[in-house]
Amino acid sequence: MFPKPPSCSGFGLTTALTFLALCGCSRSESNTGVGEFESPPNVILFVIDTLRADRLGCYGNPAKPSPTLDQFAKEGILFERMWAPSPYTATSHASLFTSTYPATHGIWNRQRLESKGGDIFPALPDAAVTLAEVMLELGWETAAIAGGGYVNERRGLAQGFEFFDSHTFGAVNRIGRAIDWIQKDRDPTRPFFMFLHTYEVHYPYLPNEETINRFDSEYQGPLRKAVADAREFAEDYIKQFPEKSPIGPVQKKFFKPLFEREDFSDRDKEFVFALYDAEIAIVDREFKRLLQYLESAELDKNTIILVTADHGEELWDHGYFGHHRVWDEVMHIPFLAKIPGGPSGVRRTDSMDLVDVMPSLLGLLDSPIPQAAVGKRVNWIQAPTHIEERVHIHQANWPHARDAVRNGASKVHFFPGEELPPEVFDLSQDPGENSDLSITQSGKSQIAQAELTFQTFLQSSTQIRKTWNLFPVFHGLGSFTPEMRSELEGLGYLDQ
Ligand SMILES: [Zn+2]
């Protein structure tokens with residue numbers, strides 16, 4: 001039987017209770033007997049930024065770039081239907097860390113403010129209770145080894161981490177740093193909770209030649225040379241500016257001009273898929289290194305490992321490259337879990353959402369769940385005997401404002417701010433979302449239903465923001481003009 005986490009048995013019952021009172025947590029979730037570990041387990045939450053599910057072998061990619069992750073899935077649990085709430089990094093991470101939707105936390109990657117004539121960057125407020133804060137309070141040592149970019153302190157995403165190292169280095173460096181931390185830096189008297197994150201499969205793709213050739217050795221178009229040149233440029237850039245991300249400069253200098261060329265062909269695009277698979281292969285190899293280290297250090301038997309992504313990527317599935325919209329190539333992400341003593345070789349068909357990770361993990365550990373958390377506590381040990389379809393919401397704000405309501409196989413897209421009618425797709429017949437059914441009778445009724453669902457969702461999200469004071473923070477708000485403040489109020493960002 002898993003003894004109570006340290007916070008419940010000695011180290012800090014009083015502290016924990018004070019914390020729970022302050023943060024509004026409750027012990028409303030009772031233990032259902034799933035948290036049966038020999039001792040409090042370590043937890044590694046590995047987020048592979050921009051990884052769409054269908055490019056992993058275990059989700060059906062015939063190129064099989066991910067043998068280690070595929071094997072990992074066979075030895076653990078795989079959720080076939082895992083959804084991201086947004087197509088953006090900061091936004092989805094804020095949802096993952098707080099179990100609230102973007103409509104509540106408002107941590108968009110960027111928010112365009114017309115009165116400012118530019119973008120502002122909301123940050124998670126201290127009032128938000130993050131997964132790391134709860135784990136820390138319960139007695140876990142907390143560490144984040146992340147890939148920089150929008151995963152940073154300025155966005156409020158470092159809350160609860162005793163150690164926070166976020167730099168845009170590749171997976172080789174980040175996994176190496178994670179192993180180093182476990183080996184040399186951690187406190188062996190406490191279990192650890194590690195958030196591990198890499199941008200390795202985020203555009204621009206810069207795999208080495210050898211790995212590329214495993215997926216496409218024949219292509220001789222302009223992208224091959226661009227990748228080689230960009231690799232060299234990025235390596236120099238990181239040496240010169242270790243605190244900066246090379247992603248933007250590399251995209252602008254080497255890839256955007258090519259992607260925008262009129263003669264950018266289907267064959268060129270096919271090579272982009274190979275580059276993406278090659279990046280996955282690199283992450284997979286590094287993940288193997290991490291697993292091997294854990295085994296050699298005898299930590300594998302007492303470490304829960306969760307693997308997921310913050311969003312996927314459009315690879316011209318709908319005529320566009322990037323992650324700014326809410327098609328399923330962006331919203332469908334992987335979720336794999338290996339739990340000591342837990343199920344092996346289970347493919348789950350009940351759906352999950354990034355907002356479910358926090359309550360599910362805390363539930364597994366028989367730990368309290370913050371009251372602001374809206375995610376479902378999914379029992380990872382025991383699959384339900386009967387699947388009740390759930391509603392999942394996806395939202396994008398810029399440069400394309402998009403909302404989508406998923407209800408079982410029905411997915412309705414809304415285009416707020418644009419004069420476009422909603423679109424409806426039957427995912428059971430049309431998983432690629434190509435045949436809009438909005439003019440059919442059934443489509444019309446699905447739109448009406450989705451509109452109601454979405455309005456209720458917005459009202460409830462706003463209420464949660466107010467109840468738990470989750471208004472995002474804006475640096476430099478004091479210098480905002482009355483017009484800017486008024487626009488922010490109109491967007492629901494300021495407490496009125
Ligand atoms: Zn991301």
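Predicted model: local features only at pLDDT ≥ 70, side-chain atom pairs only at ≥ 80, totals over all residues.
Now look at where two of them sit. Asp-49 is in the loop between strand S2 (42-48) and helix H2 (67-75), while Asp-310 is in the loop between strand S10 (303-308) and strand S11 (314-315), so this pair ties together parts that lie 261 residues apart in sequence. And are they buried or exposed? Asp-49 and Asp-310 are both buried.

Okay, on to another histidine, His-105. You'll find His-105 in helix H4, residues 102-105. Its relative accessible area is 1%, so His-105 counts as buried. Setting aside neighbours within four places in sequence, His-105 has contacts that include Thr-91, Ala-94 and Leu-124, and also Arg-465, Leu-470 and Pro-472.

Last stop, a pair of helices. H8 covers residues 222-240 and H9 covers 247-259; they pack at about 170 degrees, with axes 9 Å apart. That angle is over 145 degrees, and therefore H8 and H9 run roughly antiparallel to each other. Who makes the contact? On the H8 side, among them are Leu-223, Val-227, Phe-233 and Tyr-237, and H9 brings residues including Val-250, Phe-254, Phe-255 and Phe-259. Sorted by class, the contact between H8 and H9 has 14 nonpolar residues, 2 charged ones and no polar ones.

Technical notes:
Residues numbered from 1 in each chain as written. Heavy atoms only, no water. Axes fitted to C-alpha atoms, helices over the stretch in contact; angles between N-to-C directions. Helix = DSSP H or I, 4+ residues; strand = E, 2+ residues; numbered from the N terminus. Parallel < 35°, antiparallel > 145°, perpendicular 65-115°, else oblique. Contact = heavy atoms within 4.5 Å. Nonpolar A, V, L, I, M, F, W, Y, C, P; charged D, E, K, R; others polar. Buried < 20%, exposed > 50% of the residue type's maximum accessible area, 1.4 Å probe, protein only.
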